[in-house]
Structures are given as structure tokens and as C-alpha cells.
Amino acid sequence: MTAGLLLTAPQQATAGPPNLLTNSGFETAGAPGEDMPSCWEKSGWGDNDFTFATVADAHSGTKAMRVSLTRRLSGDRKALVTENTTCAPTVVPGRQYDLSAWYKSNTPDVSVTVFRHDATAGWQYWTDLQNPPVSAGWARTEVRTPAVPPGTDKITWGLSVYGVGTLTTDDYALEEVGAAPPQPGCTGTPDECAKGRWEVIPAKNPVRSMHAVVLKNGKVLLIAGSGNDIAQFNAGTFTSAVYDPANGSFKTIPTPVDMFCSGHVQLSDGRVLVMSGNKGYPSADGKIGYQGLKDSYVFDPATEAYTKTNDLNGGHWYPSATILGNGDVISFGGLKEDSTGNVTAERFSAAQNKWLPMNEVNQTWSYWGLYPSMILMQDGRLFYSGSHTFGNGTQGSGASIYDYGANTITDVPGLRKKDERDESASVLLPPAQDQRVLTVGGGNNESNPAANRLTELIDLKAASPAYTAGPDLPQGLVDVGGVKRAQTGAEGKMYVSAVLLPDGKVLETGGGLHDRADPVYEASFFDPVTNTYKAGLPADPIPRTYHSGAFLLPDGRVMAVGDNPGNGTYNNNVSIYTPPYLFKGARPKLTSVIDTQWVYGDTQRITVDRPIAKAELIRPAAVTHSSDPNQRYVDLPLSVVDTTTVDLNVTSNPNLAPPGWYMLFGVDANGIPSVATWVHLGGAPALAAADEAPSPHVHDFADAPQAAPRQNPGKRDSAPVTPAVAGCDRHYGTASQCVPTKFPAEVKETTKARCDWLASHQYPKRMKVNGSDPLRLDPDGDGYACT
């Protein structure tokens, strides 16, 4: 794609003098009465026994710092550059800094921990960058910080000990990385270089896919099942397809059951676990709703075939699916075989390769709705963001933290319009280490108001996490029954897609103003560094409302599929978005990745053709109905060896990066990413090295909700759910069509107004009336609506 583009060669970003730290070797004693060297302080937290000592066993000079833990239940201890204006070095937002120190350690539980001073919020934990290995003799650790966030004027850091053992350190340094490379030239049109470009590819999606999974080989699994087409269901015709971006081809895959509205997630070995699906469509009289399957399958990218696992304990039409740090999968919500709400949690054991019996899974007997967004936190708990599909009216504040070990649910405050979050999107923002979640837009399929443009932000590291208001979604053009107009007031969108990009931004695209209707043509970038949107991007030319999705490809482009409005049609056009970073010049290349089997807490060496500013792992998409709770971007702090050699520091915490296959991107200082290289994190190598790998350095002090846990319901079989939970009046047409139970507010409650709305939205001209006529669409009584 970028062959032949003009290369503007960046200069090597190097670090060097001066060392910005004062008393970096502990040689100057503190003031009289102080037991720490000048410009150093004791720091740490938790339940542990520890000692600090200035010792003569120095790397250079006469003094070094020794920190020992003799007992630990939680927390860490570290010598930290003193958090004051005299000792903490001044830094420049947007710049990067190399941190280095000499050390000796007899424990793997050591981390380079950095704090930053925000001009408004004061001192706060920033990030952990590296896990230096055990070393009996003096060894040097060096790591590069991410770009300093806006509003930061100073940073401080030290080596943390968070396991029983002893750490001795000396000769610290903090040096600013040299000037950024010059800005590259534009290789496209000015609009393409600023905003990117959409194109609709010639090939059509051969299946009515509702689900998209990017496979470990770079291909895309598109799952339709019956494709929300009752004729296909009755015929037993269930389909999937595999798309190959390398040659633009589609291959149809035999599909054993109706995986329409199933759940899916990549297992640690790269196979795709697909759970539940559709056992039956609603009855014509509307008395029976959708019914969930117990069936479960795995799709193997190597054979491109499905294999059955054992069954779930119950049906879960629209289940969640979240992979945990040990490779297990946990699932909640959805509809049972009898169309009631499923209140049981399901757990797939990675070790046993099967779904566990119900009595081996912790149960709260809570109903989480359909496709509840359950995001894995750094300490193994789950954050329910408030995003869902159907199932409005959830308990409490609408967002909560679930602790599986304690089996408790604690409400999290601040989510606005909690019952208008149907088909909203929630995403763990880059990098995952920051533990911040963005929730975007949404509506209510039952009351059918205009979708909102609210966005919410939450910092799960905060002392008591709470949502705060983010900037409103940008607005675009809305197609209301074939007439496009500008959005106004509080109008936003539901069915929105949010895609993590390798430059650290989030592409927000697609969506509609009402339930299964009125597509919105608008796209924007959300920048997690500034918490702002860049509006005015070109919009996908294809409407993307219900049953649509967008996702990142390994080459850095974004693919969008699907659109299944209430009239029962499906749009088989496929769109590709090329972001602006692919029009900025030649891409950096990962010329070698020494090892593609990675271990937690390891250091992995790569070579590049020119300097990169950052590297990250992005978990491949498994998206449906605006929901992909496993999407995450994990920062890989750099230790720069030379111009073309870089060591990547892999997190020791599998809750930050659950085991599996990831796309590894290198990104230069201009935000231009490489093509991804696939690497595998965890699995057999990690298990083999489990005794040597460090345990995760988790800051439990930072993310404990102060509210009391919610009282769990008692044991029960299910939760009542109306058959109209999907927002469709089944008295009209087929189950593949959705006449809204509640029309948009601007549609008068008259037969003419409703029929005009249906006609303008291209519903069939002769929809059969199934029994009664609650919406008064058949005034002449001929058995057909709006004739």
C-alpha cells in the first residue's frame, strides 16, 4: 500500500547528558535527623515488613541504597526521588525520557515505577515500565518512558520491591531523549493526510455476518448463522465466511448451528470459542421471544473448521465473553432456552478445555442483560461498563465492579442516562496500563428516543472509581427515511463502533439515531492523551447500524461490515478505512522479531529499519453489536540499544494482557505504524517459566470502590424478560423484520404517520398481521399492514 512513497528520514532519537537527577548515587547525606540520602524518600504501601539502609556496597562511589522485604502480604517498598520542587526533575509534556539505574537483586519481583506531578491534580502514580531480572552482580536497567502526558511538569521514580527479597541500587539517571524527527511530507491529498480515506471494496460479503473475529493469521472470520433471516433458519442454512485481506477473497465455511447472536472470544492458543446462539426465533403472536442455545464450538484458524465442545449449563442468546488472566473465559447474561433472562455465570476452563459445571462456578444469580460489556481489570476483577444490547433497566447505578473471588458486585457512580446505553460502545483506552475506560453513545430499543451523544470516562486506578463526563460525540449527517440532514441538539448515535488504532487513538465510526433506523454518517478520533475528539473525518459511505461492526486489520487499516435495519434487509458492502498515518510517508519496518513466543515479565529484542517511539500489543478484534470487551492496547516500554535495535519490556501481569496472540506494532515519532507482526504471549513457554517469571505488580491501593457491595439475589432459575425485549412488535411481518414497539417521538400516533414512516424506511409493502393489530396498521382489516 505504501510502496514507492517518499521517505522523510527521521533522525535518531538519543538520550544523553545531562543527568536530570540530583544526588543520583546517594553520596550526599540528608539533613540532620533524616535517615535517607538527600533528595530521596522512603515510599511504598501495603502489608509487609521492610528495611531501608544506605550501604557501602556501591556500584561507584561509597554508597548505595538497599531495600529488603522479609514478609509480604500486599504492596511494595521503594526508594523514590523526593516528590518536591527541588529534587523531582522538571519534564516537558510530549517528550520522552530514558531512566536507568544499576542494581543487584535476589528477587524477580522488582519493577521500575514512575509517578508524575500533574499541575492540577498533584502527585499521582503513572506507570510501571519494566521488570529487571534477578542479578547477583551489578547490572544496569534502562527503559524509555512514554511521551509525558499534558499537564505534567515533574516526574519521580524508583525501583519497587514487591516480593520477599533484597534489592540494592545505585547510580540512577534520568535523561531527556533527543529532538523528535522532522515532520514527513504528505503522500496523498491534503484531506487524506489530515483525515484518512474510506473506500468500498468490489467484493461483497457473501454472508449476512453479525460477528467479526480477526484471526491469528490475519484473516477475518465473519459469522452469520441464519443471519437474522428466519427463512434461512427454517431451512437449516447457517453460514460463516473467512476473508483474506491479502488477496481480498472470501471463503464460505460450513457452520453447524445457528450462531446468530452468539458470543465469541479468542482462546490463548488462537482458536475462537463461540458460545450459544439462536435456538429459535420469536413466535408470530409475540408470546415467545428469542431462545438461546446451550451449544458451544471452537473455530480453528488452521483448519478453518468448527469443532464442538461440551455444552454450556444453559442457553445464552447474546452472552458476554471475557478472557481472564489465566486463559479461562467467563460469560454472563443473555436469554435462556425459554426466552427468560439467564442469571448464571459460565466459566470455560483453559486447563480442562471445557465449560465447568455450574456448581464449580461462583454465582451471584444476577441478570446482566444482553451482551453486557465486562472488561478485565488489572487485578482480575471485572468492570461492567454499563454498555449492553437490550436488557435496559439494570440494577443500581448502571455500572459496577464484579469481584469473582469475593463474589461481590459494587456499584460505580457517574454513568449518565444508564437506561439509554443500548448499543453503546465501551473500550479500555490505550494503554491498558492506564486502566481508563471510555463509554460512547447509546439509546434504548424499547422507548426508542433519539440516541444520545454522551461519552463517559472512568479511571479504574482512582481511589474510588467513578465515571466523569467526557466531551460530547461529534455530530454528522443523519439519514431519516431517505432524507439527509445535519444532527442537532443532543442527537448522537447507537450501534457505534470504537476501534483502537496503533497510534494510540480510537476511531469512532458508524451508528444510527434510532433503533435499527436512521443511519448517522460521521466519524472521529478520540485522543486518550488529551481526552478530546477530532471531528470531521470522512464518514463510511455505507450505513452501519444494527448488526454492523468495525475492526483493526494487521496492516493498520480498519474494516467495516454489516447493516441490518428493521425492514429485514442486509447490506453486504464492505468498507475499508485508511487512517491519516498511512499517508504520512514510508512506514517503519520490524525487520526482525527474535522470538514470537513471549513470556510475561520478559524482555524481547526486535530490530527496526529506523527509530521507533513506541511499541504495543493490540489484541485482535472479536466484535458484535458494538461490543468487544477484550479489545486492548498494551504498551511495551522500550529499552533502546542502538539505532535499529530495541528491547521491548513485556508486562508481568496477565490481567493486563491475557494470554493469546497479539498484533505487535512499532510506531515512529510521527505516529506512523509498522505492519503488525503476530506474537504469542503466555501459553506453554510462560507456564514452563512460571517459577522464574515475576508476579504482577498490581496497585491494589488505587482502585477499591468505597461503596458497600450490592446484596446479591438469592438462587433462582432466571429473570423475567418481556418477549418484546428486542424492541420489535411481532404482530407484523416475519421475525426477520422489526416494526418498532415505540416509533420515534416525531412520528404521530396515527395509522398514516406510522405507515408513512415504515414506507420511508423501505419496509415491505405487504406485511402480514399476525393476530391482533395493536399499532392500528390494518384499518381495512385485510390482514396486511399499511395496504
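**Entry 1: a lysine to begin with**

I started at lysine 104, which is buried with a relative accessible area of 17%. For the record, buried means under 20% relative accessible area, exposed means over 50%, and partly exposed is in between, with a 1.4 Å probe and protein chains only. Before going on I noted that this is a predicted model, in which local features need pLDDT of at least 70 and side-chain atom pairs count only at pLDDT 80 or more, while totals for chains, interfaces and linings use all residues. I also noted that residues are numbered from 1 along each chain as its sequence is written, and that side-chain values use heavy atoms, with hydrogens and water left out.

I placed lysine 104 in strand S5. Helices (H or I, at least four residues) and strands (E, at least two) are DSSP runs here, numbered from the N terminus.

What does the side chain of lysine 104 join in a polar contact? I found the side chain of aspartate 57, at 2.6 Å. A polar contact is a pair of N or O atoms within 3.5 Å; within protein, one must be able to donate a hydrogen and the other to accept it, and residues adjacent in sequence count only if both atoms are side-chain atoms.

I then listed the contacts of lysine 104, leaving aside neighbours within four places in sequence; among them are Asp57, Ser135, Trp138 and Thr168. Contact means heavy atoms within 4.5 Å.

**Entry 2: a threonine**

Next I looked up threonine 169, which lies in strand S10 (residues 165-176). Threonine 169 counts as buried, at 3% relative accessibility. Its side chain makes a polar contact of 3.0 Å with the side chain of tyrosine 172. Not counting residues up to four places away in sequence, I saw that threonine 169 touches several others, including Phe26, Met65, Trp102 and Trp138.

**Entry 3: the disulfides**

Then I went after the cysteines. A disulfide is taken as a pair of cysteine sulfur atoms within 2.5 Å, and by this rule I get four disulfides. Counting bonded cysteines along the chain, the pattern reads 1-2, 3-4, 5-6, 7-8.

Cysteine 39 sits in the segment before strand S1 (40-45) and cysteine 87 in the loop between strand S4 (76-81) and strand S5 (97-105), so the pair ties together parts that are 48 residues apart in sequence. I find cysteine 39 buried at 11% relative accessibility, and cysteine 87 buried at 7%.

Cysteine 186 is joined to cysteine 193 by a disulfide, S to S 1.8 Å. The torsion about their S-S bond is about 85°, so this disulfide is right-handed. Cysteine 186 is partly exposed at 45% relative accessibility, whereas cysteine 193 is buried at 15%.

Cysteine 755 and cysteine 786 are also joined, S to S 2.0 Å. I read a left-handed link, with -80° about the S-S bond. Cysteine 755 is in helix H4 (residues 751-760) and cysteine 786 in the segment after strand S56 (784-785), so this pair ties together parts that are 31 residues apart in sequence. Cysteine 755 counts as buried at 13%; cysteine 786 is partly exposed at 29%.

Cysteine 261 is buried at 0% relative accessibility.

I picked out an open sheet of four strands, in the order S26-S27-S28-S29 with antiparallel pairing. Strands pair if DSSP finds at least two bridges between them. Strand S26 (374-376) and strand S29 (408-411) stand at the edges with a single partner strand each, so one side of each is left without a neighbour in the sheet. Strand S28 (residues 400-403) pairs with S29 over four bridges, and tyrosine 402 stands opposite isoleucine 409 in S29.
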